[in-house]
Amino acid sequence: MRRARRRFLGACAALAALPHARAALREVRLEAGPARLGVVGAPHPDTDVWTYNGAFPGSEIRLRQGDRLRVRLANGLPQETTIHWHGIRLPNAMDGVPHLTQKPVPPGGEFLYEFELPDAGTFWYHPHASSAEQLGRGLVGALIVEERTPPAFDRDVVWVLSDLRLDREARITPDFNAPFDASHAGRLGNTVLVNGRVPELFALDAGERVRLRLINAANARIFRLNFEGHAPQVIALDGHPVAAHLVSGGLRLGPGMRADLLLEAAGEPGRRYTVTDDFFARGAYRLLELAYTDKRAPARMLPAPQLPANPLAEPDLARAERLKLVLGGGAMRPRQPQGMWSINGLSPRGGSHARHEPMFRLKRGRSYVFEVMNDTAWHHPFHLHGVAFRSLGEPHQPWRDTALVDPGARAEFAFVADNPGDWMIHCHILEHQEAGMMGVMRIE
Ligand code: C2O
Ligand code: CU
């Protein structure tokens, strides 16, 4: 009896050692709906925004790698919506693309999302219905998946970068998908925000080691950030770890993209240092100031932490099938046969994704290289749903789900088609997406 009991306990201990056994279920309710919040700050009036749970950005969801997330979405908006979990490798039915993976959620309706989090990293969530308007009114939120054994930082900080287009009364202007914006750089806001506010200061203690998670949740704005007096190191891109390396020539982040930085507070107590964004050379501006307190953390010379790799299948480049994607259209190019923007000459339009036939059919388990050619005069942060890919043309060949392809440039995305279903592929400048730069790949 006693022995049997001991054996039973032994079995339990063995089970507990399996990673699954620790998987926890996290339940969250997200209500999409309007709210009125101070975005610009006094003396300007508050702004009517669309929020999750009354917050802009929406409530941060933070859990552990391997956990299961169950989200009840309640739609309190005056139009249909869905939630897409950007960068999460999940079952197709949970991907949140209206008409393609689920019925859109009508006003007053609900939808239950449930999936596991296979990868640690910095992710985010947003609607995939009428994206230009719904994100342009504020529907974005951070989804942070912590490592099973989180590396040591003094602080873990998220900056959701976005912008709004406001009038003089701090009201969001309703000019979504205007043809001029859609055919040029997208709908740039005139008010840049960090975590939903016009930022001023970010307080630091000298000597602190901060994990700074940057998420570009803007409709169209590309950032190139410079940290005066600091030498931040990139430790992850789009959630996935990369060999730690210094930011050189500014950190570029297109819409949809993320970067995790190790920011060592090497400045002097009491001093201020500016963080600037100079992506649009003529419009360079100060994003905020790093404001040092009078404190100094004890000096420690630690190497940049190497984050544990995510469980991604390595593509077989020698045997991979290569597929071409030519991005076309936009201002300064001859008129498109079909729409304003295109992939391989095709321009499915609109914010609802109804009746989108697959542009590519991929065999499950095979390796593919997408050869992306940007045959336009504009930048395109190109995004694949359902998979992460190695961005072969970049230093360190990072894993990404969204890569910025410059005008006239080529890029190569290598991945294993290991997640079955119909997945969106699109430019994450939302006005480009809705004006035709999108398609569907079917993994079967
Ligand atoms: Cu961040 Cu198709 O989306
Ligand atoms: Cu684009």
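Leaving aside neighbours within four places in sequence, Thr 51 is in contact with Glu 31, Ala 32, Gly 33, Pro 34, Ala 35, Leu 37, Phe 56 and Leu 139, contact meaning heavy atoms within 4.5 Å. The model is predicted, so that local features need pLDDT of at least 70 and side-chain atom pairs count only at pLDDT 80 or more, whereas totals for chains, interfaces and linings use all residues. Residues are numbered from 1 along each chain as its sequence is written, chains are lettered from A and ligands numbered from 1 in the order in which they are written, and side-chain values use heavy atoms, with hydrogens and water left out.

Thr 51 belongs to strand E2 (residues 47–52); strands (E, at least two residues) are DSSP runs numbered from the N terminus. The residue Thr 51 is buried, with a relative accessible area of 1%, where buried means under 20% relative accessible area (1.4 Å probe, protein chains only). The side chain of Thr 51 also reaches the backbone nitrogen of Gly 54 at 3.1 Å.

Among the nonpolar cores (sets of buried Ala, Val, Leu, Ile, Met, Phe, Trp, Tyr and Cys residues joined through side-chain atoms within 4.5 Å), the largest has 59 residues, and Trp 85 and Met 441 have the most contacts inside it.

An open sheet of six strands shows mixed pairing in the order E10-E9-E12-E17-E14-E15, two strands being paired if DSSP finds at least two bridges between them. Strand E10 (191–194) and strand E15 (240–246) form the edges, each pairing on one side only. On average, neighbouring strands of this sheet are turned by 25° against each other, direction ignored; axes are lines fitted to C-alpha atoms, and angles run from 0 to 180 degrees between N-to-C directions. Within the sheet, strand E14 (residues 233–237) and strand E17 (residues 258–264) pair in the antiparallel sense over four bridges, and Gln 233 stands opposite Leu 262 in E17.

The copper ion (ligand 2) is coordinated by His 380 (ND1), Cys 427 (SG) and His 432 (ND1), at 2.0 to 2.1 Å. Donors are N, O and S atoms within 2.8 Å of the metal (3.2 Å for Na, K and Ca), and sites may look incomplete because water is not among the atoms. Along the chain, the donors of the copper ion (ligand 2) follow the spacing H-x46-C-x4-H. His 380 lies in strand E24 (residues 380–384) and Cys 427 in strand E29 (residues 421–427), so the pair ties together parts that are 47 residues apart in sequence. Both His 380 and Cys 427 are buried.

Notes: Buried means under 20% relative accessible area, exposed over 50%, partly exposed in between (1.4 Å probe, protein chains only). A polar contact is a pair of N or O atoms within 3.5 Å; within protein, one must be able to donate a hydrogen and the other to accept it, and residues adjacent in sequence count only if both atoms are side-chain atoms.
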